[in-house]
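Have the viewer open as you read.

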Number of protein chains: 2
Amino acid sequence: MAVKFAKRLDNLEGSAIRELLKLTQRPEVISFAGGMPAPELFPVEEMKKVSVAVLEEQGQVALQYTTTEGYAPLREKIADRMNTKLKTNVKADDILITSGSQQGLDFAGKVFIDEGDVILCESPSYMGALNAMKAYQPKFIEIPTDNDGMIMEELEKVLATTDRVKMIYVIPDFQNPSGRTWPMERRLKFMEIINKYEIPVIEDNPYGELRFDGEFLPSLKSLDTKGLVIFLGTFSKIFCPGYRLGWTCAAPEILNKFNICKQGADLQASTISQMEVNKFMDMFDLDAHVEKIKACYRKRRDVMMKAMEEEFPDSVEFTHPQGGLFTWVILPEGINAGEMAKKCLEKDVAYVPGESFYPNGGVYNTCRLNYSNMPEDKIVEGIKRMAEVIKEELAEHAK
Amino acid sequence: MAVKFAKRLDNLEGSAIRELLKLTQRPEVISFAGGMPAPELFPVEEMKKVSVAVLEEQGQVALQYTTTEGYAPLREKIADRMNTKLKTNVKADDILITSGSQQGLDFAGKVFIDEGDVILCESPSYMGALNAMKAYQPKFIEIPTDNDGMIMEELEKVLATTDRVKMIYVIPDFQNPSGRTWPMERRLKFMEIINKYEIPVIEDNPYGELRFDGEFLPSLKSLDTKGLVIFLGTFSKIFCPGYRLGWTCAAPEILNKFNICKQGADLQASTISQMEVNKFMDMFDLDAHVEKIKACYRKRRDVMMKAMEEEFPDSVEFTHPQGGLFTWVILPEGINAGEMAKKCLEKDVAYVPGESFYPNGGVYNTCRLNYSNMPEDKIVEGIKRMAEVIKEELAEHAK
């Protein structure tokens, strides 16, 4: 067959995570691999009432097309919620409903990137974002991080010496994959830098509401005085991912471009899903639901931290997330987390090797561990098995 | 603000239809503008039972992430349905669930088009597809059509003399916007030509099942021996659009590329929407539902045809669709359908001027009329008012 694909596909591969997830679907596997919420917390009973109410009250509207921007009452609620939770000052008109926040990542690439343009991101960063943006053939420059996230001096150095930087992609709260959070002074410094260079920023914030301890920190969007921050939010982690509903919040000129992308991409997000999520917030208490999620994940994080402290050799480092879904494990140099993943899978334990979180590759001794999706006993058992494999690897390595 | 957008946005504008639809939302407007199904036919009562059943039986699964390919039982049903209705020979593995068939149009551009590559399409063609594909900066070459759709001799001429043709986009059944259908001999000739040139074909088939009269004609996909046809289907017109569920059916090598696009675009279609549509087909009779839709639209088409015959001046031509949602009106040369639309809107009648359906522009005397969304009395009244405006325009023109 003579079919020729576009050049952009040369660098595009399927997500390692989603391929891995297929392997981990055997029920006996203890999986730290995905980024899945705890399904036992989903408001199943509530959604039965909600879906009947939506169909009863506005069935024909719910099953019809709606506007590209999204269902107006839901956009209103999202703006209000952002203003309450994140101290932003936004209106319903600043919100575009997307199919998960993932769709906002795709649109960001589409809207800003010509072939060869530069995207700056944290090193490591969320592979799903990197993969979405790769379709637009950018160069990625990774900004070094420490335990407090992106290092601002490094960011400044790169901005001062690099042409064609079109966009900066960051996850300041409970980052995927590292679990790290930027402290206040970094946020302020970051805004100072981007205000100077006037580069658009994608603030990906799926976990911001899931803080277990430590103090609230303002979102970049709430510190944005020049309309440079494009905020991506989602219901996937504070409600449930099955509806595929997220949103983009941005300045009008930018949001208009995202809206054009949305028309081309799929016309609009699901009408009925939007109305159901909106109705849930009318009929039930989303804040109370988020508290339940936080209590559960806090405990699971604690259990995983304790198990890693007890079981992992001292030469293994890991982050202590204050919220979110992930911790990041740094193995001693020389241990290949990708190879080790196969051995763990033989013991029915899965995680995501860190390599794919570095857009330019080259780092082999890290892994991302998710703690939101497994019950506590399985977390303990899974970390034990993983520790055994790590010890074997170290022994092998010492030879 | 120094924010720079990607070059691809220079040619991208919001859809004229979706902007127009906002104007037509006043309840007094008789709208032939959208492509919306009749909401009074939506299975609202059935979906109440369906949504409760899905949540009761598999609530946690329905609200969680699922695989990118889509919910396996739904893919199975789609493959079976295609094989029954369209005489194809496809399997569940050949199906990727998308967010409406619109998403398949976006992916087609992403998968095949480098800047400057050529897309061939019918003249006129569906503007939503053209807009989605424009993001990938193609050149469009429009193949002339007559009352039987694309003229194959013209297609051959273009293929013989044009470099970089990467894709052919067609709607052989009840085309949007023209309502035209390709007869059998054109389908066979088309397949002969594309087999010779081995160019991938996007067969967009949202209305295929909505045939009111005339004989069944096989889809291009069912005639495809070389895996060149990429079939786009949707539940929007045979069920309802609010769930945003469509599908792409293609050869494995191609479908794999679409799958990679899906991961980047939004990870997956809504889990719960997929399970609900699947469950509807288990609990109720989709075929019977489609028959109801056909009976209603057939009548509305008849009413619109009769009204146009009676009211429109003889110099106005229009197509007689055998199915689908649209008829295409050709006004006498010199009448500008875009200008006329404003006058019609003053009389509370809306349609879509044809210009945007020509990717290279230049045709001003055509309009697309939808008959699926308005009750019969409004169709008669709307055509009457439109006829008045046309007569005024002709009188003006004769001066």
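## Helices α4 and α5 in chain A

In this predicted model, helix α4 (residues 100-112) of chain A and helix α5 (residues 127-134) of chain A cross at roughly 40°, and their axes come within 8 Å. Axes here are lines fitted to C-alpha atoms, for helices over the stretch in contact, with angles running from 0 to 180 degrees between N-to-C directions. Helices are DSSP runs (H or I, at least four residues), strands are E runs of at least two, and both are numbered from the N terminus.

On the α4(A) side, A:Gln102, A:Leu105 and A:Asp106 make the contact, meeting A:Gly128, A:Ala129, A:Ala132 and A:Met133 of α5(A). Contact means heavy atoms within 4.5 Å. By class, you get 4 nonpolar, 2 polar and 1 charged residue (nonpolar: Ala, Val, Leu, Ile, Met, Phe, Trp, Tyr, Cys and Pro; charged: Asp, Glu, Lys and Arg; polar: the others, Gly among them).

## Helices α6 and α7 in chain B

Over in chain B, helix α6 (residues 152-161) and helix α7 (residues 184-197) pack at about 10°, with axes 10 Å apart. α6(B) and α7(B) are therefore roughly parallel to each other. Among the contact residues are B:Leu155 and B:Leu159 of α6(B), plus B:Phe190 and B:Ile193 of α7(B). This contact has 7 nonpolar, no polar and 4 charged residues.

Look at the loop between β3 (118-122) and α5 of chain A, where A:Pro124 sits. The peptide bond from A:Ser123 to A:Pro124 is cis, with omega near 5°. Chain B has a cis bond joining B:Ser123 and B:Pro124, with omega about 5°.

A:Asp348 isn't a glycine, yet its phi is positive, about 60°. You'll find A:Asp348 in the loop between α11 (337-346) and β13 (349-350) of chain A.

## How the copies relate

## Ground rules

Residues are numbered from 1 along each chain as its sequence is written, and chains are lettered from A and ligands numbered from 1 in the order in which they are written. Local features need pLDDT of at least 70 and side-chain atom pairs pLDDT 80 or more, while totals for chains, interfaces and linings use all residues, and side-chain values use heavy atoms, leaving out hydrogens and water.

Terms used. Parallel < 35°, antiparallel > 145°, perpendicular 65-115°, else oblique.
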